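Visitor: I would like to look closely at one part of this structure, and I would be glad of a careful explanation.

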Amino acid sequence: MIVIRDLNKTYPTARGAVQALENINLTIQKGDIFGIIGFSGAGKSTLIRCLNRLEEPDSGSIVIGGQVVTDLTDKELRLARRKIGMIFQQFNLLDAKTVFENVAFPLQVAGRPKSYIRERVREILELVQLADKEKAYPSQLSGGQKQRVGIARALANEPEVLLSDEATSALDPQTTYSILELLEGINRQLGVTIVLITHELDVLQHICRNMAVLEHGRIVETGPVDKLFVHPESDTSRRFVRILERYRLGRFELEGAGAGI
Amino acid sequence: MRDDLFDLLWEALRQTLYMVFWSSLFALALGLALGIALVATDKGGVKEAPKLNKLLSLVINSVRSLPFLILIVLLLPFARWVVGTTLGPTAAIVSLSIGAAPFLGRIVESSLKEVASGKIEAAQSVGASPWTIVWRVLIPESLPALVRGVTIAVIAIVELTAVAGAIGAGGLGSLAIRFGYQRFREDIMLATVVVIIALVQSIQWTGDGIAKAIHRRRFNPE
């Protein structure tokens with residue numbers, strides 16, 4: 001379970017402090033796939049990066065699996081991060097390392113013995129369907145394959161939580177779909193809690209069970225994903241749903257016109 | 001051309017190579033330490049320490065602003081303390097290493113800073129320590145840039161050996177000045193210039209070749 005209490009974060013800028021997150025309170029159940037949605041600049045990325053403290057919150061607390069992440073020393077934090085995997089929009093693979101070495105990296109950091117690493121990397125590459133690519137360098141992979149390596153790396157140390165920072169935003173729709181399927185499978189098979197941020201409603205609709213809507217650094221709506229589509233309450237979710245509906249209407253019109261010819 | 005040419009040239013080349021090799025090695029070790037320290041202690045670095053960063057930067061800039069000839073003179077007592085003499089190639093290595101280290105420090109710094117911050121964050125997100133990030137992420141990821149930068153620095157050290165040659169270090173620079181210039185031996189002057197050009201050229205080719213090989217392995221393997 002992840003519990004966020006009264007989380008605040010401001011950024012100093014040339015024109016004074018900008019409040020990126022304001023009094024965030026959120027509970028995410030163990031084993032959930034939880035989506036955080038919002039328009040650009042809403043603070044989604046800041047929020048998810050606070051969870052493993054890539055971003056230091058100004059105040060408030062974050063508890064993950066009973067451990068108060070916000071109270072940890074640097075050394076304790078490094079240990080805790082092994083159990084919080086993260087995947088990124090730009091994949092952030094190491095170009096100097098092969099697929100195998102990229103996935104082995106977290107295990108080496110954790111001080112695992114070589115024989116264990118070899119076995120574990122093969123196993124996890126099997127899971128993300130890249131067993132035949134272990135000797136390839138990232139530059140030889142497609143976007144979808146790169147993200148699969150990213151997922152394998154994030155899962156190497158058997159984390160309890162997987163954070164996804166716009167992991168599908170740089171991918172085409174078909175690849176996005178296959179990555180989402182993979183994440184869903186991982187959640188089902190390994191019971192990993194997944195927290196993902198996105199600006200794509202499709203992603204939310206496709207795999208998330210619960211969600212929160214972020215608007216100007218505040219949570220304006222939370223609950224099951226179905227609720228957002230049926231009864232959008234906040235301004236942001238109404239706009240999201242409206243965009244989606246207009247798009248669907250447009251598509252029906254186009255298809256209708258096509259049928260007439 | 002006289003028959004002493006070859007012997008003189010060979011001896012001078014040997015001394016130059018000796019000075020360049022060891023100075024490059026020591027300067028690289030010092031430069032790596034400086035460059036890593038600069039990057040790590042910088043704002044947003046893996047081991048932030050703004051005051052130390054400013055101090056390091058100040059020291060590096062100070063050493064770099066001294067003309068090399070003056071730096072050698074300033075370092076004479078230190079050279080005597082380390083190697084027991086202020087003359088010859090071995091004494092020059094002390095000054096050359098210290099003189100080139102800040103330059104290498106800046107080269108290492110700028111190479112390491114080219115590594116995308118996302119890669120560093122990815123390493124942090126799996127629990128890597130600052131030390132691990134430096135050795136297993138920053139240096140390997142920036143290796144082609146590092147090799148190119150070190151090549152520039154080694155060539156700069158070849159130039160510096162010639163300057164050191166002017167005040168008793170020996171080597172090709174010294175030969176050109178003592179024989180080519182002061183004794184009007186044009187054949188020696190010309191031969192020295194040709195050898196220095198060949199030396200610099202082969203260093204550049206070697207560096208380019210290594211950098212290209214690393215790049216090819218990572219980005220266009222067949």
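Visitor: With which residue does E109(B) form a salt bridge, and how far apart are the closest N and O atoms?

Guide: This is a predicted model, in which local features need pLDDT of at least 70 and side-chain atom pairs count only at pLDDT 80 or more, while totals for chains, interfaces and linings use all residues. Residues are numbered from 1 along each chain as its sequence is written, chains are lettered from A and ligands numbered from 1 in the order in which they are written, and side-chain values use heavy atoms, with hydrogens and water left out. The pLDDT is the predictor's confidence in each residue, from 0 to 100, and for chain B its mean is 92, with 99% of the residues reaching 70 or more.

The partner of E109(B) is K113(B), and the closest N and O atoms of this salt bridge are 3.4 Å apart; the term stands for a side-chain nitrogen of Lys or Arg within 4 Å of a carboxyl oxygen of Asp or Glu. E109(B) counts as buried because its relative accessibility is 13%, whereas K113(B), with a relative accessible area of 43%, is partly exposed. Here buried means under 20% relative accessible area, exposed means over 50%, and partly exposed lies in between, using a 1.4 Å probe and protein chains only. Both residues also belong to a network of salt bridges that links them with D42(B) and R106(B).

A salt bridge between E141(B) and K119(B) is also found in chain B, with 2.7 Å from N to O. This pair links distant parts of the chain, since E141(B) sits in helix α6 (residues 130-141) and K119(B) in helix α5 (residues 117-125), 22 residues apart; helices are DSSP runs (H or I, at least four residues), numbered from the N terminus. E141(B) counts as buried at 11% relative accessibility, and K119(B) is buried as well, with a relative accessible area of 12%.

In chain A, E166(A) and K44(A) form a salt bridge whose closest N and O atoms are 3.9 Å apart. E166(A) lies in the loop between β7 (161-165) and α6 (173-190) of chain A and K44(A) in helix α1 (residues 44-51), so the pair ties together parts that are 122 residues apart in sequence. Between chain A and chain B the count is two salt bridges, and in a salt bridge of 2.8 Å, N to O, the side chain of E121(B) meets that of R49(A). Over all chains, the whole structure holds 16 salt bridges.

Key
Helices (H or I, at least four residues) and strands (E, at least two) are DSSP runs, numbered from the N terminus.
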